[in-house]
Amino acid sequence: MSTAAKAAGIQDDYAAKIASDLAENQTTQEQVRNELQRLQEELLQLEDNSRVLQKMQQALGITVEAASAAAVKGSAKRAAVPSARSASQAAKKTKASATRTATPAKTSRAKQTPAKAASPTKDAGPSWLELVSAVFAGRTEPKSAAEVAESVSTSHPERTVQAAVIRNTLENAVARGILERSKQGRSVYYAPVSAASPVVEAADSPTPQPAS
């Protein structure tokens, strides 16, 4: 093989490698852009949720210092619960083991006794879908997830409103065709599905009769 042919083969190999690397680079860029857009939308949602929570604090008259102290106290309680719960569970297991050893006949009879039917649970009130739908009742203007969460919290202070629950409920309503989703800039808004206007077909003009 001549030197020129070898050089041409090497050049072709380099060209193919460069084209492959370039395609992989562009694919990675697209993935990073998509991830960046997702993170930006998530950041906007978190900022909206933060504003709603701050408004709720102001409405309840909670100061920043009081909220921080409550958060620290709650963290301390959550940290202490597992150890106390573990000790309680260990004591229950020991007591249950001793009971089984002392009274095997009684335990056998207890197994043969049919379990009682579970008592029906109390009515938990309207579902989240009903609460969200009530916010849009008689209204046509779009609302963000944060605005819907604030409206539900104001109308039903007895319910613990979580932004993630409201957002999932809104998406469920969109999937069911109750609401429609739209974007304005980087924000996502929801609105009732507008009723389809009836289509009025024009009457066909009479076909002219041929002259006799």
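**Entry 1**

I began with Arg181, which forms a salt bridge with Glu171, the closest N and O atoms being 2.3 Å apart. The pair links distant parts of the chain, with Arg181 in strand 1 (residues 179-184) and Glu171 in helix 6 (residues 163-175), ten residues apart. I noted that a salt bridge is a side-chain nitrogen of Lys or Arg within 4 Å of a carboxyl oxygen of Asp or Glu. Helices (H or I, at least four residues) and strands (E, at least two) are DSSP runs, numbered from the N terminus.

I then looked up the accessibility of the two partners. Arg181 is partly exposed, with a relative accessible area of 44%, and Glu171 is likewise partly exposed, at 29%. Here buried means under 20% relative accessible area, exposed over 50%, and partly exposed in between (1.4 Å probe, protein chains only).

**Entry 1: the basis of the values**

I recorded that this is a predicted model, in which local features need pLDDT of at least 70 and side-chain atom pairs count only at pLDDT 80 or more, while totals for chains, interfaces and linings use all residues. Residues are numbered from 1 along each chain as its sequence is written, and side-chain values use heavy atoms, with hydrogens and water left out.

**Entry 2: the chain as a whole**

I listed the secondary structure of the protein chain as six helices and two strands. From the N terminus on, the elements run α-α-α-α-α-α-β-β. Of the 212 residues in the protein chain, 14% are buried. Among the contacts with a separation of 6 or more, 56% are between residues 24 or more positions apart; contact means heavy atoms within 4.5 Å.

How many salt bridges does the structure hold? I found seven. One of them joins Lys17 to Asp21, with the closest N and O atoms 2.7 Å apart. Both residues lie in helix 1 (residues 3-60), four residues apart, about one turn of the helix. Lys17 is partly exposed at 48% relative accessible area, and Asp21 is partly exposed at 34%.

Further along in my notes is Arg38, which forms a salt bridge with Glu35; the closest N and O atoms are 2.5 Å apart. Because Arg38 and Glu35 are three residues apart in helix 1, about one helical turn separates them. Arg38 counts as partly exposed at 40% relative accessibility, and Glu35 does so at 36%. I also noted that Glu35, Arg38 and Glu42 are linked in a network of salt bridges.

Two packed helices are described by the angle between their axes and the distance between the axes.

**Entry 3: the loops on either side of helix 5**

I found Lys143 in the loop between helix 4 (128-135) and helix 5 (145-155). Lys143 is buried yet has no salt bridge; Glu141, the nearest side chain of opposite charge, is 4.1 Å away. For charge, Lys and Arg count as positive and Asp and Glu as negative, while His and the chain ends are not counted. Not counting residues up to four places away in sequence, Lys143 touches Val135, Phe136, Val148, Val188, Tyr189 and Tyr190.

Ser144 lies in the loop between helix 4 and helix 5 and is buried, at 9% relative accessible area. With residues up to four places away left out, Ser144 touches Val188 and Tyr189.

Val161 is placed in the loop between helix 5 and helix 6. Val161 counts as buried at 18% relative accessibility. Beyond its neighbours within four places in sequence, Val161 is in contact with Trp128, Ala149, Val152, Ser153 and Ile166. The C-alpha atoms of Val161 and Trp128 are separated by 9.4 Å, the two residues being 33 residues apart along the chain.
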